[in-house]
Amino acid sequence: MDELIVVRDLRKSFSDGPVISGISFELKRGEVLGIVGPNGAGKSTLLRIIAGIIEADSGTVEVRGKIGYTPQDNLLLPWFNLEENILLAAKLSGVKEREAMERLTSIAEKLGIGEHLKKRVRDVSGGTARKAAIARSLIISPDILILDEPYTGLDRDSIDSLQSSLKRLREERMGMIIVSHQLGELTEISDRVIVLSHRPAKIVKEISWRNGNISWKELY
Ligand SMILES: Nc1ncnc2c1ncn2[C@@H]1O[C@H](COP(=O)(O)OP(=O)(O)OP(=O)(O)O)[C@@H](O)[C@H]1O
Ligand SMILES: [Mg+2]
């Protein structure tokens with residue numbers, strides 16, 4: 001099977017009403033799927049369900065492989081330096097110390113954060129902190145990388161630098177889901193983008209770029 005994730009008819013409500021209203025999609029090995037939708041649409045809720053942090057009310061999520069999830073707000077521990085934050089995730093996942101150090105060196109090089117590893121979170125730029133949060137997801141060697149708004153708060157140069165790091169990861173045939181509220185940030189990196197409606201989130205469009213041909217499906 002080539003699918004890393006299969007989501008079927010997912011639904012979720014909070015006390016003030018529905019947030020996700022029947023979402024289905026697949027993620028294939030080596031594919032980068034972009035998810036775009038307005039603020040408050042339900043994007044982070046969808047990712048939290050896929051990452052197993054919260055439960056859906058109904059529907060199914062099948063995951064084949066390990067997920068590395070980077071939440072919207074990084075959730076780095078401010079009193080730790082970047083390296084300690086990243087290695088803590090390795091330790092919690094049972095990665096041996098030596099293996100973790102080897103992985104750290106290679107990931108830090110790919111993301112270009114090697115020189116900042118000994119700095120505390122509060123002493124690095126937003127872009128570097130973002131990359132450290134992504135490095136923390138990568139240290140467990142995931143099959144699927146899920147990024148919630150990776151570009152928010154970054155300037156043009158930091159966005160470009162993060163984009164090139166993500167493209168390098170994509171060459172390793174990792175499946176990726178990248179969420180953003182701006183389509184423009186997703187077009188270069190994604191193979192396919194699904195567009196969500198405002199709360200409750202439903203897929204209203206699907207745009208794909210496969211083999212240089214753009215196809216556009218309206219789904220509402
Ligand atoms: N735990 C919760 N309890 C109640 N309501 C929630 C909870 N989590 C999210 N919501 C609500 O669900 C809706 C969707 O939130 P969510 O964070 O998934 O949106 P989003 O698309 O990620 O938005 P943004 O672009 O601002 O990140 C919002 O109206 C939010 O207030
Ligand atoms: Mg969000």
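Reader: Why is K167 called partly exposed?

Author: In this predicted model, K167 has a relative accessible area of 29%. Buried means under 20% and exposed means over 50%, with partly exposed in between, so K167 counts as partly exposed.

Reader: What makes the contact of E188 with K167 a salt bridge?

Author: The closest N and O atoms of E188 and K167 are 2.4 Å apart. The cut-off is 4 Å between a side-chain nitrogen of Lys or Arg and a carboxyl oxygen of Asp or Glu, so the pair qualifies as a salt bridge. K167 belongs to helix α5 (residues 156–170), while E188 sits in the loop between β7 (175–180) and β8 (192–196), so the bridge ties together parts that are 21 residues apart in sequence.

Reader: How do you know that R170 and D191 form a salt bridge?

Author: Their closest N and O atoms are 3.6 Å apart, and the limit is within 4 Å, so the pair is counted as a salt bridge. R170 is in helix α5 and D191 in the loop between β7 and β8, so parts 21 residues apart in sequence are tied together.

Reader: Are the two partners, R170 and D191, buried or partly exposed?

Author: D191 has a relative accessibility of 19%; buried means under 20%, so D191 counts as buried. R170, with a relative accessible area of 26%, is partly exposed.

Reader: What links R8 with E26?

Author: A salt bridge links them, with the closest N and O atoms 2.6 Å apart. The pair joins distant parts of the chain, 18 residues apart: R8 lies in strand β1 (residues 3–14) and E26 in strand β2 (residues 17–28). R8, at 36% relative accessible area, is partly exposed, and E26, at 24%, is also classed as partly exposed.

Reader: How many salt bridges does a search of the whole structure find, and which residues are linked in a network?

Author: The search finds 13 salt bridges. E31, R192 and E206 are linked in a network of such bridges.

Methods
Residues are numbered from 1 along each chain as its sequence is written. Chains are lettered from A and ligands numbered from 1 in the order in which they are written. This is a predicted model: local features need pLDDT of at least 70, side-chain atom pairs count only at pLDDT 80 or more; totals for chains, interfaces and linings use all residues. Side-chain values use heavy atoms; hydrogens and water are left out. Helices (H or I, at least four residues) and strands (E, at least two) are DSSP runs, numbered from the N terminus. Buried means under 20% relative accessible area, exposed over 50%, partly exposed in between (1.4 Å probe, protein chains only).
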